[in-house]
Amino acid sequence: MLDIALVSLIQDMSEKAGVEGTIQYWLRVGENLAKRMGKEAYMGWPSFNVALREGRTAFSIEGNVVALTDLAITDVDGDVVGYIYALEKCVFEPTILRVRYSVGQLPKADKQIADEYNMTYKDIAVCNFCIIHVKFREEVARNITIAGQPLEALHLADRGFTGDTKIDEENLNKIGINKEYVRSLLRNYACVFALVMKGARLKGEVSEE
Amino acid sequence: MKQISGNESILDNPMVDIATYLFLEDIADKQGAAGMNNYLMSLAYSLARSMPEEEYTDWDSFVDAIVKGESILSAFEKVNSISKYCMVTVESPFLRGWKEYTKRIGEFPRIHKEVAEYYNSRITPTAIETGDIIIQTYRKAAAEKITVDGKKVKVAHIATVSPDGSKKIAPDEWLPILLEKAQISKTQLNMILRNNAAVWIVYPSQ
């Protein structure tokens, strides 16, 4: 019931605190959630990917996150500095279905909040919950070290409940992945992101310089 | 195949549940127990407002709809009927969120109980934690949207059991009246509380 109560609160909140105020709330919730999950340290990428597969990392709260180990990200020297990961099912999908069956329609504020976020922050949200979610990932990545190096999360693409998609081309260029390839991943996954070593000299970033 | 309207076949994602709890804690940090209580009640009212109205020709068909999960009173919880007016909630609709929170974040913060104490002192003294404020307010507000044989229905709460096993029973001065309406004894109430999360009554208004 908690999730449906949250949805009913969204409309209420956006009327009282405004759409921008709700976005601020959501960003704080994402940040707090990541902080409360605590820090993690791994010896290397294989141990992190195993922990992810076994549901032991903070990212596992999102559901089934798959490490696409065939998609290693390398730096200018050819060293592996990250991987691409995909979430099988959108975190918000069960809630959307439960609202559909018990209440009816999602409140209008859901789209209004997502649209406002896309215009003022990053054009990647397909629903209001993406705001919490994306912030959560960015903060969790900072709390995880691999071989002593903190991580950075790069959001790449997501697919909404109605089939609409958002792709962050800037981040795709950084890691040198083709847009159409990521789009094909969205056929099978709801959300695609990359985790890279913070400060790594990625090919896309170096060529921009 | 189980009917989907009860929502039992679609499990909510733990991240959404925990995010909601953290959001409520954030409100409590800024606005205190009173502010959080207002938010919880407001969201329960707003949820009840968005539910459709219901009407039944007789009491039996109303109770039947509740037990089958077809009424807005059982849209979020599995409810059984003990007597004509007495209903029991088998499992707290917040149990999953509570379990995920304690598994992934840690101990459930004290503020959730403090807000419930605030609610108990001002509204109805049968809440143990924040989830109870939401569901109890929702039940009362949703009942106002139901008519049975042309009469509005009302809800009153007798007892609640939290996921950690703590109990909250209506005060002694109210209990005999509530138990009489429920057609159960105090001993039977304690027996019911062993394997249920809440005991409440729904009855026609005079």
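Cys127(A) is in no disulfide, and the nearest cysteine sulfur, that of Cys130(A), lies 4.2 Å away; Cys127(A) counts as buried at 6% relative accessibility, where buried means under 20% relative accessible area, exposed over 50% and partly exposed in between, with a 1.4 Å probe and protein chains only. Cys191(A) is likewise in no disulfide, with the sulfur of Cys130(A) as its nearest cysteine sulfur at 6.6 Å, and Cys191(A) is buried with a relative accessible area of 6%.

## Basis of the values

This is a predicted model, in which local features need pLDDT of at least 70 and side-chain atom pairs count only at pLDDT 80 or more, while totals for chains, interfaces and linings use all residues. Residues are numbered from 1 along each chain as its sequence is written, chains are lettered from A and ligands numbered from 1 in the order in which they are written, and side-chain values use heavy atoms, with hydrogens and water left out.

## Helix H1 of chain B

Helix H1(B), residues 14–49, spans only 26 Å between its end C-alpha atoms, whereas a straight helix of 36 residues would span 52 Å at 1.5 Å a residue; the expected span is 1.5 Å times one less than the number of residues, and helices (H or I, at least four residues) and strands (E, at least two) are DSSP runs numbered from the N terminus. H1(B) bends by about 130 degrees at Gln31(B), the bend being the angle between axes fitted to the seven residues ending there and the seven starting there. Of the 36 residues of H1(B), 27 are buried, so this helix is largely enclosed by the rest of the structure.

## Aromatic pairs

Over all chains, 20 aromatic pairs are found; rings of Phe, Tyr and Trp (its six-membered ring) pair if their centres lie within 6.5 Å, and planes under 30 degrees apart count as stacked, over 60 as edge-to-face and the rest as tilted. Phe59(A) and Phe193(A) form a tilted pair, 5.8 Å centre to centre with 35 degrees between the planes, and this pair links distant parts of the chain, 134 residues apart. Both Phe59(A) and Phe193(A) are buried, and they belong to one aromatic cluster that includes Tyr42(A), Trp45(A) and Phe48(A).

In chain B, Trp59(B) and Phe62(B) form an edge-to-face pair, 5.1 Å centre to centre with 75 degrees between the planes. Because they are three residues apart in helix H2 (residues 59–68) of chain B, Trp59(B) and Phe62(B) are separated by about one helical turn.

Notes:
A disulfide is a pair of cysteine sulfur atoms within 2.5 Å.
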